[in-house]
Structures are given as structure tokens and as C-alpha cells.
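Thanks for making the time this morning. I would like to walk you through one model, so please have the sequence and the structure open as I talk.

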Amino acid sequence: MDVISLADVFCRVGQEVGRSEWITIDQATVDLFAEATHDHQFIHVNAERAAAESPFGGTIAHGFLTLSLLSVMNFSGMPKIREQTMGLNYGFNHVRFMSPVKTGSRVRGCFVLSDCRLRGASMLVTTYEVTVEIENENRPALIANWITIVQFDPKDRPESVSHHSISSQNK
């Protein structure tokens, strides 16, 4: 996995910074997510009924399951920041579920860094334009603007980034 410095993050605004490994969405994963969220709608958990009554030809993953996989996609596909001590989800500015993910499909995340700015002495706020692709499909499963926080020790803050705030609109 690629390891970069905190200072390198600012140079990557406007660029694709990572692609995750492919993840297979099998029925067992969908069923476990249904149990965890109490969302047992037939289009997710009943293959025979979904094939007969839905336009999808079988079961599909929950949209929120696909969204939840962003964390593992981030871990498998994004460069690690050397100075980072912890990462936090901060939220989303925008999420759209574009296409259903049929059970048995494979998905992966593509991350474009659109913004980064320092917040306080020990945080870097990053915004990613994320696209979750479905293998062999033209339309993505979802698109999102995902905001995360990179926590680091203030003593590790490079002087070269002391007053940075960069977004892809400024480049």
C-alpha cells in the first residue's frame, strides 16, 4: 500500500487518489446486513420472490450496505498518511444510489480528492468524490461526496502545510 506524507495530500487535490479491490456482494452478506438493520424487504432477502416480482431478476444489495462498504474500500485502495493517528467519518454532502447492485456482483470504490483543509492544530478535513463501480456495468452503484477527518499529532504537522486549504475548484 502506498504511504504518503501529510504534506503530499495537498498536492493530490483534483486527482484520483485510490481504487479499492473488488468486493463480491453475495447473498450471505446481504442477509447479514438485513439482520443487522432489520431491513428484510423481499428484494434483498427472498430470491424467488425478487425474481418473480421485482424488475431486478433476483435479489439486490441494500443501498446502505453499498454505502457502508466505503470504509473497507478506503482501507484497501487509498494511500496511508504517515502521520495519521486516527481517521474519522465526518459525513456526506451528497449521496445518490444510481443503480442496484445485484447479488453476486462485484463492486469497487474510486476516490478523487476534491478538497482538503487544516482544522485546528491536529486535524485535516478531506472531501472525496467517491464512485462505487459495479463490475461490467456502465452505471455506478452510487456516487457520494464523503468528508473524513485525518487526526495527527500536532508535533508531526509539516511546516509546509501550516496554512493550507485547497479544493479542486481552486486548482
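Predicted model: local features only at pLDDT ≥ 70, side-chain atom pairs only at ≥ 80, totals over all residues.

Residues are numbered from 1 along each chain as its sequence is written, and side-chain values use heavy atoms, with hydrogens and water left out.

Starting with the chain, it holds six helices and nine strands, where helices (H or I, at least four residues) and strands (E, at least two) are DSSP runs numbered from the N terminus. Taken along the principal axes, the box filled by the C-alpha atoms is roughly 60 × 30 × 25 Å. Of the 171 residues, 43% are buried, which is to say under 20% relative accessible area, with exposed meaning over 50% and partly exposed in between (1.4 Å probe, protein chains only). The accessible surface, from the Shrake-Rupley method with a 1.4 Å probe, comes to about 9100 Å², and carbon and sulfur atoms own 49% of that. If we take contacts (heavy atoms within 4.5 Å) with a separation of 6 or more, 73% of them join residues 24 or more positions apart.

Now to the largest pocket, whose volume is about 430 Å³. Among the 22 residues of its lining, those closest to the centre are Asn-74, Met-78, Gln-84, Tyr-128 and Thr-148. For the definition, we use a 1 Å grid over the protein atoms alone, and a pocket is an open set of points where a 1.4 Å probe fits, with protein on both sides within 12 Å along at least five of seven lines; lining residues have an atom within 4 Å of a point. Which elements supply at least two residues each to that lining? They are helix 6 (70-77), strand 4 (80-81), strand 5 (84-97), strand 7 (123-134) and strand 8 (142-152). By class, the lining has 13 nonpolar, seven polar and two charged residues.

Strand 5 also contains Leu-88, which is partly exposed at 36% relative accessibility.

In the loop between strand 4 and strand 5 we find Glu-83, which is buried, with a relative accessible area of 13%. By contrast, the C-alpha atoms of Glu-83 and Val-101, 18 residues apart along the chain, are separated by 36 Å. Ser-5 itself sits in the loop between strand 1 (3-4) and helix 1 (6-11), is buried at 13%, and touches Ile-81 and Arg-82 as well as Glu-83.

Finally, how many disulfides does a search of the whole structure find? The answer is zero, where a disulfide is a pair of cysteine sulfur atoms within 2.5 Å. The cysteine sulfur closest to that of Cys-11 is in Cys-116, and because they are 9.0 Å apart, they are too far for a bond. Cys-11 is exposed at 53% relative accessibility, whereas Cys-116 is buried at 0%.

Terms used:
Points joined across faces, edges and corners; volume = space filled by probe spheres on them. Nonpolar A, V, L, I, M, F, W, Y, C, P; charged D, E, K, R; others polar. Lists of a residue's contacts leave out its neighbours within four places in sequence.
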